[in-house]
Amino acid sequence: MHANYKSKDVWQIINRKTGRTSLNRQDIKINWNSEEITNPETVAELFNSYFCKISEELLKKNRKNMPNFEKQYLKIKESTKTMLLIPVTENEVEKVAKGLKNKSSAGIDEIPDCMVKQCIIQPKKPLTNNYNTSLESGIFPDQLKIAKVVPVHKKGDKKNVQNYRPIALLSVFSKLLEKLVYNRLMAFIEGNGILTEEQHGFRTMKSTETALQIFIQSTQEAIKKNEFDRNLFRSNKSL
């Protein structure tokens with residue numbers, strides 16, 4: 001295995017070995033109501049219907065089970081300042097584009113990330129104009145909201161739609177606009193100290209590793225100060 005421990009290469013090997021691959025358009029067969037469906041358009045509609053139904057059920061379930069957290073538990077500070085979206089520059093668009101991963105996958109426009117990353121010099125001016133129009137109007141273009149959904153097999157019978165999970169592929173131009181807005185949002189949040197220091201997800205210089213380090217450190221300090229339940233420790237040790 002010559003993967004050099006790259007995450008992408010490792011996952012490709014894992015997916016091949018476990019059979020978790022995307023649906024092959026050349027051999028589409030799905031069982032539905034005791035009937036084998038082979039027509040590509042019908043298969044696509046069946047997957048779409050199933051995935052939409054699952055997402056709606058999950059949303060309903062989450063709404064019922066979602067607790068009503070108080071602000072003091074979330075530790076989110078209110079800010080009296082107004083967030084302003086400063087204009088995008090061509091240099092910024094180029095920088096964000098060059099930060100894209102070298103993916104060959106593409107959205108409905110069939111333009112892969114790697115192509116835009118290599119050729120961003122040519123379209124960066126019109127892209128900058130379009131992105132600034134979006135920020136000024138507060139409107140995210142509808143065409144950039146459309147995703148190409150690819151069914152990826154998880155396990156079990158490949159003819160059963162329930163054994164697939166959806167992978168949504170957005171347009172690379174949608175990703176660029178999202179990243180530009182994200183940079184402005186995070187600058188405002190970080191600059192005004194809105195998030196608590198306990199928030200490690202989706203933040204610069206923080207990750208699951210930093211969260212784990214703080215957890216271990218706080219646990220060690222609690223043990224040194226005898227701030228733990230000794231009876232619970234003994235019961236777990238005896239197991």
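Q: What does Cys-52 count as at 34% relative accessibility?
A: This is a predicted model, in which local features need pLDDT of at least 70, side-chain atom pairs count only at pLDDT 80 or more, and totals for chains, interfaces and linings use all residues. Residues are numbered from 1 along each chain as its sequence is written, and side-chain values use heavy atoms, with hydrogens and water left out. Buried means under 20% relative accessible area, exposed means over 50%, and partly exposed is in between (1.4 Å probe, protein chains only). With 34% relative accessibility, Cys-52 counts as partly exposed.

Q: How many disulfides does the count come to?
A: A disulfide is a pair of cysteine sulfur atoms within 2.5 Å. For Cys-119, which is partly exposed at 37% relative accessibility, the closest cysteine sulfur is that of Cys-114, 9.1 Å away and too far for a bond. By this rule the number of disulfides is zero.

Q: Which pattern does the protein follow when read along the sequence?
A: Helices (H or I, at least four residues) and strands (E, at least two) are DSSP runs, numbered from the N terminus. The protein has nine helices and four strands. Along the sequence, their order is α-β-β-α-α-α-α-α-β-β-α-α-α.

Q: What percentage of the contacts with a separation of 6 or more comes from residues 24 or more positions apart?
A: Contact means heavy atoms within 4.5 Å. Among contacts in the protein with a separation of 6 or more, the share from residues 24 or more positions apart is 59%.

Q: What percentage of the residues in the protein is buried?
A: The protein has 239 residues. Among its buried residues are Phe-47, at 4% relative accessibility, and Leu-144, at 15%. The buried share of the protein is 24%.

Q: Against which helices do the buried residues of α4 pack?
A: The buried residues of α4 are Glu-92, Val-93, Glu-94, Val-96 and Ala-97. Glu-94, for example, is buried at 14% relative accessibility. The helices that these buried residues pack against are α5 (113-119), α6 (124-137) and α7.

Q: At roughly what angle do the axes of α4 and α7 cross?
A: Axes are lines fitted to C-alpha atoms, for helices over the stretch in contact, and angles run from 0 to 180 degrees between N-to-C directions. The axes of α4 (residues 90-98) and α7 (residues 172-191) come within 10 Å and cross at roughly 110°.

Q: Which residues of α7 make the contact with α4?
A: The crossing angle of the two axes is roughly 110°. That makes α4 roughly perpendicular to α7, since angles under 35 degrees count as roughly parallel, over 145 as roughly antiparallel, 65 to 115 as roughly perpendicular and the rest as oblique. From α4 the contact involves Glu-92, Val-93, Val-96 and Ala-97, and from α7 it involves Leu-176, Lys-179, Leu-180, Asn-183 and Arg-184.

Q: How many charged residues does the contact of α4 with α6 have?
A: The axes of α4 and α6 come within 9 Å and cross at roughly 105°, and the two helices are therefore roughly perpendicular to each other. Glu-90, Asn-91, Val-93 and Glu-94 of α4 meet Lys-124, Lys-125, Leu-127, Thr-128 and Tyr-131 of α6. Ala, Val, Leu, Ile, Met, Phe, Trp, Tyr, Cys and Pro count as nonpolar, Asp, Glu, Lys and Arg as charged, and the others, Gly among them, as polar. By class, the contact of α4 with α6 has three nonpolar residues, two polar, and, in the charged class, four.

Q: With which residues is Glu-94 in contact, leaving aside its neighbours within four places in sequence?
A: Glu-94 lies in helix α4. Beyond its neighbours within four places in sequence, the residues that Glu-94 touches are Ile-120, Ile-121 and Lys-124.

Q: How far apart are the C-alpha atoms of Leu-144 and Ser-171?
A: Leu-144 sits in the loop between α6 and β3 (148-153). Leaving aside neighbours within four places in sequence, Leu-144 is in contact with Leu-170, Ser-171, Phe-173, Ser-174 and Leu-177. Along the chain Leu-144 and Ser-171 are 27 residues apart, while the separation of their C-alpha atoms is 6.3 Å.

Q: Which residues form one aromatic cluster?
A: Rings of Phe, Tyr and Trp (its six-membered ring) pair if their centres lie within 6.5 Å; planes under 30 degrees apart count as stacked, over 60 as edge-to-face and the rest as tilted. A search of the whole structure finds three aromatic pairs; in one of them, Phe-47 and Tyr-164 have ring centres 5.2 Å apart and planes at 80°, so that pair is edge-to-face. Phe-47 lies in α2 (residues 40-65) and Tyr-164 in β4 (residues 164-169), so the pair ties together parts 117 residues apart in sequence. Tyr-50 and Phe-51 form a tilted pair, 5.7 Å centre to centre with 50° between the planes, and the members of the cluster are Phe-47, Tyr-50, Phe-51 and Tyr-164.
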